[in-house]
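Student: I have a structure to go through. Can we take the labels one by one and check each against its cut-off?

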Amino acid sequence: MKHPSIPVPLGNPDQIERAHYYSVPKDHACNSQVQLLHGGYQECRNSYHFRRDHYSHHCLVLITGGRGECWIDEHYSHLQTGTAYLYRPGSCWREKSDQSMPLRKHFAVFQADEWLNDDLLARSNPFIEVHPIRPAVALLETITSEAHTASETQAAVCQHLFDALLLKLRTTTETATPLVQDQAHRTYSQVLKLIEKDYLTLRSVDDIALKMNIDPSYIARLFKRYHDTTPYRCLIAMKMNHAMNQLLNTSDTVTKIALDIGFDNPFHFTRAFKTIHSIPPTHYRNQQS
């Protein structure tokens with residue numbers, strides 16, 4: 001199997017806000033029928049979209065935040081936290097990020113033997129729901145960490161971790177209760193929709209709980225089960241994505257932008273913006289101008 005030395009990102013690099021990639025060196029001793037090639041993590045910009053009419057490898061994508069849409073041949077799905085999909089070689093592939101909630105995702109590109117009979121890879125519908133999401137994310141993050149560790153066992157460790165991830169996904173698809181029957185997931189979805197609709201005025205998880213008439217600790221448990229961050233960080237991330245768009249597309253002062261998203265103190269806004277985007281708002285605006 002031929003392994004590329006440099007991983008190819010999904011989409012135009014100009015549409016990626018933050019990313020890291022890895023390559024896995026070829027392991028001649030590997031006897032796995034599915035071999036990991038490369039992968040990474042991407043935080044997309046709101047302009048993110050891409051299309052591939054043909055790709056020569058399999059690709060596993062796990063959405064860890066934001067929203068979007070995906071088309072693989074005749075199959076279509078909304079993308080949200082916990083959505084995963086498997087691309088198969090030769091399919092037409094389109095993916096688009098929601099402008100108000102840009103996608104965050106892990107992906108892994110791999111090669112599978114043509115004759116391999118695998119229930120997961122042979123699914124007619126490429127989209128699956130992964131809940132809870134944390135074990136799968138932990139495996140993908142560990143693969144990334146190991147791929148950047150120079151050792152004789154690097155390739156073998158990454159491959160074993162990827163095999164474990166596929167096994168985890170097989171278990172998920174075999175045992176998952178349909179989400180439509182899951183009251184907890186319905187409540188989580190309602191909370192998430194509220195945050196998406198009212199994030200500019202909501203200030204805390206207590207505000208969310210008051211509007212939903214449920215306990216704040218229950219909201220925290222729902223997000224621990226179904227999301228990749230806490231409810232408060234989810235709220236702040238939406239506020240900071242809005243602030244980023246305002247910094248790019250308006251001449252509003254940092255103080256005004258902070259007030260518009262519910263921050264009375266510009267210092268607290270700057271600290272929150274830097275926590276989410278790793279750069280102060282004024283530096284971000286200067287960098288993009």
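Student: Which residues of helix 6 are buried?
Tutor: This is a predicted model. In helix 6 the buried residues are P231, C234, L235, I236, A237, M238, K239, M240, N241, A243, M244 and L247. Each has under 20% relative accessible area.

Student: How do you know what span is expected of helix 6?
Tutor: Helix 6 has 19 residues, and 1.5 Å a residue gives an expected 27 Å. From first C-alpha to last, helix 6 reaches 27 Å, close to that value.

Student: What makes helix 6 and helix 8 roughly perpendicular to each other?
Tutor: The axes of helix 6 (residues 231-249) and helix 8 (residues 266-277) cross at roughly 100 degrees. The class covers 65 to 115 degrees. Helix 6 and helix 8 are therefore roughly perpendicular. Their axes come within 9 Å. Helix 6 makes the contact through R233, I236, A237, M240, N241, A243, M244 and L247. Helix 8 brings F269, A272, F273, T275, I276 and H277. By class, that contact has 10 nonpolar, three polar and one charged residues.

Student: Why does S289 count as exposed?
Tutor: Exposed means over 50% relative accessible area. S289 has 77% relative accessibility, so S289 counts as exposed.

Student: Where is S289 placed?
Tutor: S289 is in the segment after helix 9 (281-288). S289 and L247 are 42 residues apart in sequence, yet 9.8 Å apart in space, C-alpha to C-alpha.

Student: Which members of the largest nonpolar core touch the most other members?
Tutor: L36, L62, F162 and L165, out of 29 residues. Helix 2 gives the most to this core, with seven residues.

Key
Residues numbered from 1 in each chain as written. Predicted model: local features only at pLDDT ≥ 70, side-chain atom pairs only at ≥ 80, totals over all residues. Heavy atoms only, no water. Axes fitted to C-alpha atoms, helices over the stretch in contact; angles between N-to-C directions. Helix = DSSP H or I, 4+ residues; strand = E, 2+ residues; numbered from the N terminus. Parallel < 35°, antiparallel > 145°, perpendicular 65-115°, else oblique. Contact = heavy atoms within 4.5 Å. Nonpolar A, V, L, I, M, F, W, Y, C, P; charged D, E, K, R; others polar. Buried < 20%, exposed > 50% of the residue type's maximum accessible area, 1.4 Å probe, protein only. Expected span 1.5 Å × (residues − 1). Core = buried A, V, L, I, M, F, W, Y, C linked by side-chain atoms within 4.5 Å.
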